[in-house]
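The following note sets out points for discussion on the model shown below. Comments on the reading of each point would be welcome.

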Amino acid sequence: MKPQDIENIELQYLTLDDYQELKGAMQQAYSSMPELFWRENQIKTLIDKFPEGQVVIKINNQIAGCALSIIVDYDSIDDIHTYEDITGNYTFNTHDADKGDALYGIDVFIKPEFRGLRLGRRLYDYRKEICEKLNLRGIAFGGRIPNFHKYSKEMTPKEYIDKVRRKEIHDPVLNFQISNDFHPVRILKGYLEGDNASGEYAVLLEWDNIYYEKPTKKAATKKKIVRLGLIQWQMRLYKDLEELMQQAEYFIDAVSGYRSDFALFPEFFNAPLMAENNHLSESEAIRELAKHTESIVQKFSEFAITYNINIITGSMPEVKDDLLYNAGYLCKRDGSIERYEKLHVTPDEAKVWGLQGGTQLKAFDTDCGKIGILICYDSEFPELSRLLADEGMDILFIPFLTDTQNGYSRVRHCAQARAIENECYVAIAGSVGNLPKVHNMDIQFAQSMVFTPCDFSFPANGIKAEATTNTEMILIADVDIDLLRELNQFGSVRNLKDRRKDIFELRKK
């Protein structure tokens with residue numbers, strides 16, 4: 001399946017209603033062992049014992065992959081064991097939610113037609129998240145080595161694994177698991193009966209939960225961490241749209257590699273493409289640029305799916321009913337797309353380009369909570385972000401484009417004010433460099449940053465992270481959403497709760 005054919009991706013708990021489809025999917029995934037599929041009573045037992053551990057990924061309401069897990073005592077993993085041992089002869093009586101301290105992966109697979117979309121990574125990420133949520137010390141499972149049969153006459157399993165780790169041999173399963181931060185512990189002989197491709201060998205693979213805390217009688221607060229990836233974009237000339245999007249994908253790949261939840265691009269990041277129309281007037285050139293917007297959004301949506309990251313596309317010119325707007329898109333990793341608009345255009349944008357102000361303002365639901373997006377000049381109007389805060393916004397993203405330092409300072413200081421007054425995180429990302437062959441886009445000044453409220457749980461200066469001024473780079477920062485909840489209730493000041501609504505009100509028309 002191609003990314004552009006995907007309408008929706010959902011991670012769901014497995015139910016018995018899924019069984020027949022699950023059976024067919026498993027037979028396709030394990031075509032070399034068509035008789036080794038889970039029976040309905042076994043799936044029912046897993047769901048009854050540990051519903052959170054059994055999940056499926058559905059694309060366009062069709063099962064694309066599955067992950068099954070149990071919780072076991074870590075000491076039982078430490079011993080040499082077989083698949084039959086760890087599953088209790090497939091009865092799963094080894095599952096112990098009360099005394100177990102490790103998540104054991106029973107099965108994970110992706111249907112052949114959905115491979116290449118990085119869906120397996122989503123399943124592994126879900127396991128990591130549930131491991132952290134349940135405060136388990138780690139994840140373990142016996143990993144197959146399906147290409148070992150090709151080398152079994154010339155090397156031992158240990159030699160084979162060493163060569164796979166050194167990239168001398170490609171093993172699709174083991175390579176994938178190692179790339180997802182699992183490390184080999186030992187060889188398990190006779191692990192899965194009938195797995196001839198692996199010579200019935202498996203590799204015990206483990207992932208350590210660095211947040212694990214041994215159970216105590218003290219109360220502990222679970223944190224919700226969101227990782228932001230800001231792209232400080234270098235304005236440079238590009239041969240064509242394809243070359244520009246290759247650079248965009250490079251940055252998305254980079255921030256996704258750090259498991260970022262969001263990638264934020266600047267306002268008008270695609271302006272270099274106007275160079276090919278520099279012979280036209282500024283207003284005509286930007287309307288030509290607007291012709292690329294639809295294909296750029298589609299490409300970003302594909303990137304969001306394949307790199308498992310929510311992408312805020314900055315902004316682009318867009319023509320609607322023959323009027324020119326400055327608009328952007330939130331391309332979510334579940335395949336859905338939402339649009340936002342610049343509501344306040346600067347005098348220069350109206351005069352030179354003929355831009356119109358938009359009319360849409362709303363907070364967006366994401367898998368990391370509610371977010372707001374304001375484009376550049378909009379951040380200088382505090383009413384907008386306050387309305388978004390009233391809708392439950394936790395993170396405000398501001399893609400911007402400023403040519404001079406004083407213009408940047410307006411955005412920067414207003415953005416920091418928004419973080420304080422709305423008790424939220426604010427991320428701003430801009431472009432740097434020069435475009436001498438594009439009228440009205442000669443120079444850019446930027447320093448991308450992440451701002452926080454100013455209180456004891458946050459940086460004293462309200463700055464979580466900052467990029468180097470006028471340098472192309474990415475900025476990665478983690479923000480803790482639960483700290484905002486604590487601030488709202490127990491902060492030194494409570495800007496949202498202490499508003500004098502008895503003497504004023506703010507509402508959208």
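1. For the charge count, Lys and Arg are taken as positive and Asp and Glu as negative, while His and the chain ends are left out. On this basis the chain carries 62 positive and 79 negative side chains. The centres of the two sets are 2 Å apart.

2. The model is predicted. Its secondary structure comprises 14 helices and 22 strands. The C-alpha trace extends over about 75 × 55 × 40 Å along the principal axes.

3. Of contacts between residues at least 6 apart in sequence, 71% link residues at least 24 apart.

4. Buried residues account for 53% of the chain. The accessible surface is about 23300 Å², and carbon and sulfur atoms contribute 47% of this area.

5. An unreviewed UniProt entry annotates residues 226–481 as "domain: CN hydrolase". This span is 29% helix and 29% strand, and its end C-alpha atoms are 7 Å apart.

6. Is Glu423 buried or exposed? Because its relative accessibility is 6%, under the 20% cut-off, Glu423 counts as buried. Glu423 sits in the loop that connects helix H13 (405–421) with strand E17 (425–429).

7. Which residues does Glu423 touch, leaving aside those up to four places away in sequence? Its contacts are Arg418, Pro453, Leu484, Leu487, Asn488, Val493, Arg494, Asn495 and Leu496. Gly491 is 68 residues from Glu423 in sequence, with a C-alpha to C-alpha distance of 9.6 Å.

How values were computed:
Residues are numbered from 1 along each chain as its sequence is written. This is a predicted model: local features need pLDDT of at least 70, side-chain atom pairs count only at pLDDT 80 or more; totals for chains, interfaces and linings use all residues. Side-chain values use heavy atoms; hydrogens and water are left out. Helices (H or I, at least four residues) and strands (E, at least two) are DSSP runs, numbered from the N terminus. Buried means under 20% relative accessible area, exposed over 50%, partly exposed in between (1.4 Å probe, protein chains only). Contact means heavy atoms within 4.5 Å. Accessible areas come from the Shrake-Rupley method with a 1.4 Å probe; for residues, only the protein chains shown count as cover. The place of a charge is taken as NZ of Lys, CZ of Arg, CG of Asp or CD of Glu. UniProt positions are given in the numbering used here, feature names are shortened, and annotations may be inferred rather than shown by experiment.
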